[in-house]
Amino acid sequence: MNIQGLYNKRPIVIAGPCSAETEEQVLAIAHDLKEQQIDLYRAGIWKPRTRPNSFEGVGSVGLKWLRRVKEETGLKTTTEVANKTHVEECLYHNIDALWIGARTTVNPFSVQEIADALKGVDIPVMVKNPINPDLGLWIGAIERIYKAGITKIAAIHRGFASYGEKYYRNKPMWQIPIELKRQFPDLQIICDNSHICGRRDILKDVAQQAMDLKYDGLMTEVHSNPDEAWSDAKQQITPEVFKTLMDGLTYRSDEAGKVLTSAELDSVRAKIDKLDSQLLKVLEERMKLVDEIGRYKKAHNIEILQPNRWSEILDKSIEKGEKKGLSKEFINTLLRAVHQESINHQQKIMSE
Ligand code: PEP
Ligand code: MN
């Protein structure tokens with residue numbers, strides 16, 4: 001894919017309310033944000049809500065308000081589209097960029113319908129990650145838009161739903177966007193810290209993390225009176241707080257020399273590479289022992305999974321890991337992967 005990117009500046013800043021509520025509200029926030037050099041003014045017109053009976057957006061009338069925003073402030077505008085009619089109406093009202101929401105990215109039929117409606121049009125499109133942690137669906141949606149002839153595409157990382165999660169509204173699972181960037185180095189990635197956090201107190205931390213991971217931009221929900229917002233009240237911030245957040249971000253460079261000299265950096269990297277090789281060697285040796293046990297289990301007709309032994313390994317390692325400054329979540333993920341590989345090895349032996 002030869003994706004051009006939305007803008008040549010970094011960070012690309014997108015801000016505005018979760019939802020357009022009234023004409024006055026949309027205009028007031030836009031006027032407050034005008035001075036803050038944002039690249040796009042966002043406001044949801046059609047709101048895909050998880051449960052019925054919540055505010056589902058003002059609908060098409062909001063497009064006229066966004067047009068007024070543009071006339072009065074000069075700000076470019078963006079809104080969410082979920083079907084062909086939305087796309088057609090946005091194009092008719094000269095919306096400057098579109099985004100596809102997380103609940104739409106999961107559905108290839110809907111994404112294809114949007115892609116078909118975009119054929120022959122040149123408008124930037126941002127594709128949010130799907131609700132579930134499925135990189136294939138995210139890539140698939142981007143490819144459908146790209147195949148429609150759209151060249152200015154960005155991905156928006158808004159986190160992934162997970163049952164029982166409390167800290168984040170949507171877990172960031174940074175490895176997924178990192179892998180997306182690895183596969184598509186030219187694709188710009190924007191962090192929607194508002195929907196990741198779902199709360200105000202950690203918006204800045206997540207924005208900073210995104211900048212440290214070399215993200216290209218931020219999308220943040222801004223409202224004049226967040227507590228009274230008709231949707232996502234808990235995560236929206238005032239234009240003043242937004243300004244403080246943006247002013248407080250540190251943009252680091254990847255040029256060696258800013259933090260360490262490049263020789264120093266190279267030597268630390270060499271040590272890391274060496275440790276990574278050792279890690280692989282250790283895993284290779286572990287799998288050899290696993291194979292040995294596998295052959296024993298086969299000979300004596302013993303089941304592969306020994307739940308008590310597995311729980312014991314997990315508990316002990318979490319305890320040891322935490323003492324070494326490794327998070328419980330990391331140890332869990334690592335050991336589960338190692339355990340699964342061990343099971344795969346033994347299953348292979350059993351079937352031989
Ligand atoms: C939004 O941006 O207001 C929105 C509905 O986001 P998401 O699709 O990420 O839930
Ligand atoms: Mn929202």
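Predicted model: local features only at pLDDT ≥ 70, side-chain atom pairs only at ≥ 80, totals over all residues.
Residues are numbered from 1 along each chain as its sequence is written, chains are lettered from A and ligands numbered from 1 in the order in which they are written, and side-chain values use heavy atoms, with hydrogens and water left out.

## Helix 11

Let us begin with helix 11, residues 262-299. Helices here are DSSP runs (H or I, at least four residues), as are strands (E, at least two), and both are numbered from the N terminus. How far apart are the end C-alpha atoms of helix 11? They are 55 Å apart, which agrees with the 56 Å that its 38 residues should span at 1.5 Å a residue. The expected span is 1.5 Å times one less than the number of residues in the helix.

Leu265, Met287, Val290, Asp291, Gly294 and Lys297 of helix 11 are buried. For this and later sections, buried means under 20% relative accessible area, exposed means over 50%, and partly exposed is in between (1.4 Å probe, protein chains only). The buried residues of helix 11 pack against helix 13 (328-351), where contact means heavy atoms within 4.5 Å. Just after helix 11 comes asparagine 301, with a positive phi of about 55 degrees.

## The nonpolar cores

A nonpolar core is a set of buried Ala, Val, Leu, Ile, Met, Phe, Trp, Tyr and Cys residues joined through side-chain atoms within 4.5 Å. The largest one here has 68 residues, and Tyr41, Leu118, Val127, Trp138, Ile145, Leu180 and Phe242 are those with the most contacts inside it. Helix 6 (residues 135-147) supplies the largest share of this core, six residues. A second, separate core has 11 residues, among them Ile12, Trp99, Met126 and Met219.

Which residues does leucine 118 touch, leaving aside its neighbours within four places in sequence? Its contacts are Val87, Leu98, Ile123, Val125, Ile145, Ala148 and Ile150.

## Helix 6

Helix 6 has 13 residues and reaches 18 Å from its first C-alpha to its last, close to the 18 Å expected. Its buried residues are Leu135, Leu137, Trp138, Ile139, Ala141, Ile142 and Ile145. They pack against strand 4 (97-100), helix 4 (102-105), helix 5 (108-118), strand 5 (125-128), strand 6 and helix 7.

## Salt bridges

The structure holds 21 salt bridges, each a side-chain nitrogen of Lys or Arg within 4 Å of a carboxyl oxygen of Asp or Glu. In one of them, arginine 68 meets glutamate 23 (3.0 Å, N to O). Arginine 68 lies in helix 2 (residues 61-73) and glutamate 23 in helix 1 (residues 23-34), so this pair ties together parts that are 45 residues apart in sequence. Arginine 68 counts as partly exposed at 33% relative accessibility, and glutamate 23 is partly exposed at 24%.

Another salt bridge joins glutamate 329 and lysine 171 (3.3 Å, N to O). Glutamate 329 is in helix 13 and lysine 171 in the loop between strand 6 (153-157) and helix 7 (175-183), 158 residues apart. Glutamate 329 is exposed at 51%, whereas lysine 171 is partly exposed at 23%. Lysine 243 and aspartate 247 also meet in a salt bridge (2.7 Å, N to O); both lie in helix 10 (residues 239-247), four residues apart, about one turn of the helix. An α-helix has 3.6 residues a turn, so residues three or four places apart point the same way.

## The manganese ion

Which residues coordinate the manganese ion (ligand 2)? Cys18 (SG), His195 (NE2), Glu221 (OE) and Asp232 (OD) do, at 2.0 to 2.4 Å. Donors are N, O and S atoms within 2.8 Å of the metal (3.2 Å for Na, K and Ca); water is not among the atoms, so sites may look incomplete. Glutamate 221 counts as buried at 0% relative accessibility, and aspartate 232 is buried at 15%.
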